[in-house]
Amino acid sequence: MMAFPALALITACPRDKQKNTTGWVVSSAVTSTSIDSANLVHHLAYLSSAQMEGRKTATPGNRLAREYIIRVFDSLKLQKLNNSYVQAFPFGSDSGYNVMGYIKGSQYTDSCIVISAHYDHLGVRNGVIYYGADDNASGTAALLAMAGYFTSHPPLHSMLFVAFDAEEQGLIGSRHFVGNSPLPLSSITFNLNMDMVSRNDNNEIYASGTFHYPFLKAYVDSIQAITPVHLAFGHDDAAQGGSQDWTSQSDHFAFHQHQIPYLYFGVEDHADYHQPGDTFDKVDKSFYYRVCRALTAVVALIDRQAVLRQ
């Protein structure tokens, strides 16, 4: 396993404040993330292993992945909603299962940030496993690592960590969640969605969504100053056409349809997208960890705001 230096986060502090280039007033006091690189990579390796058989909804491999996520949530002592980590929904003649874990905010209890990633993938086709390491074991492992961070660094806002099922089948899990939310939708102030966050040859990941919610750009710009990863903008304007507009391409879309602001972080498609070659060994572990640190920093900065600027 690789060891990585800690990331300095912008944090709230009543003294020693300064303005950065975006005009935000931020504290120069910093704290280090406690995201464990070994745990992060272990999550990714396990979720993208042959044992998971591609994690297709309503398969034994998908169940193994779900059980793993539940074990991690339980080990972190995340709270259950409706006495369960699981939200079942109809899936043909079977069922799909979202997995949810909750942290109650220390100050803004009735305002909730939802952090999401889908854990399902394409399964086995013609005897060949579609491992889905980048898509989206990477986002799921990042979600688990982020849950660990905010367990150790209690947030001001409440946070709900949701691993969605059946994204590959048409965003079914996230649509069900929004239509049957265990929390009032009015209490959900922001969604950060992660889908394919571990591979890019240009050290670049997109923060999509600022076309619809321009006020969110300042948060990402603030974190750009403390991460070596290039946080690009785009893929959220219908005028770009077709696959170039990611607005409806992952689970954040269900939130957007209810005017809930979102940021969707993901890389552009690579040669192994939806191919059997999307395997753990091809993940750039250093890039992946830098991305996870940056996204944790984005959430931590947003959490420090009493009200999101709109």
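How many of the 7 residues of strand S11 (residues 188-194) are buried? I looked this up in a predicted model. I found that 6 of the 7 residues are buried, so I record S11 as mostly covered, with buried taken as under 20% relative accessible area.

Entry on the neighbours of S11. I noted strand S7 (residues 108-118) as a parallel partner of S11, the two being paired over 5 bridges. Within this pairing, I found Ser116 opposite Asn193 of S11. I then turned to S14, which runs parallel to S11 and is joined to it by 4 bridges. Here Leu192 stands opposite Leu263 of S14.

Entry on S14 and S12. I recorded an antiparallel pairing between strand S12 (residues 204-208) and strand S14 (residues 262-266), made over 3 bridges. For Tyr206, I identified Gly266 in S14 as the bridge partner.

Entry on the whole sheet. I traced an open sheet of 8 strands with mixed pairing, in the order S5-S6-S10-S7-S11-S14-S12-S13. I asked which strands stand at the edges. They are strand S5 (86-91) and strand S13 (230-233); each has a single partner strand, so one side of each is left without a neighbour in the sheet. From one strand to the next, I noted an average twist of 25°.

Entry on the packing helix. I found helix H2 (residues 60-75) packed on the sheet, where H2 touches S5, strand S6 (94-103) and strand S10 (157-164). I recorded an angle of about 15° between the direction of H2 and that of S6.

Notes: Residues numbered from 1 in each chain as written. Predicted model: local features only at pLDDT ≥ 70, side-chain atom pairs only at ≥ 80, totals over all residues. Heavy atoms only, no water. Pairing = 2+ DSSP bridges. Axes fitted to C-alpha atoms, helices over the stretch in contact; angles between N-to-C directions. Contact = heavy atoms within 4.5 Å. Buried < 20%, exposed > 50% of the residue type's maximum accessible area, 1.4 Å probe, protein only.
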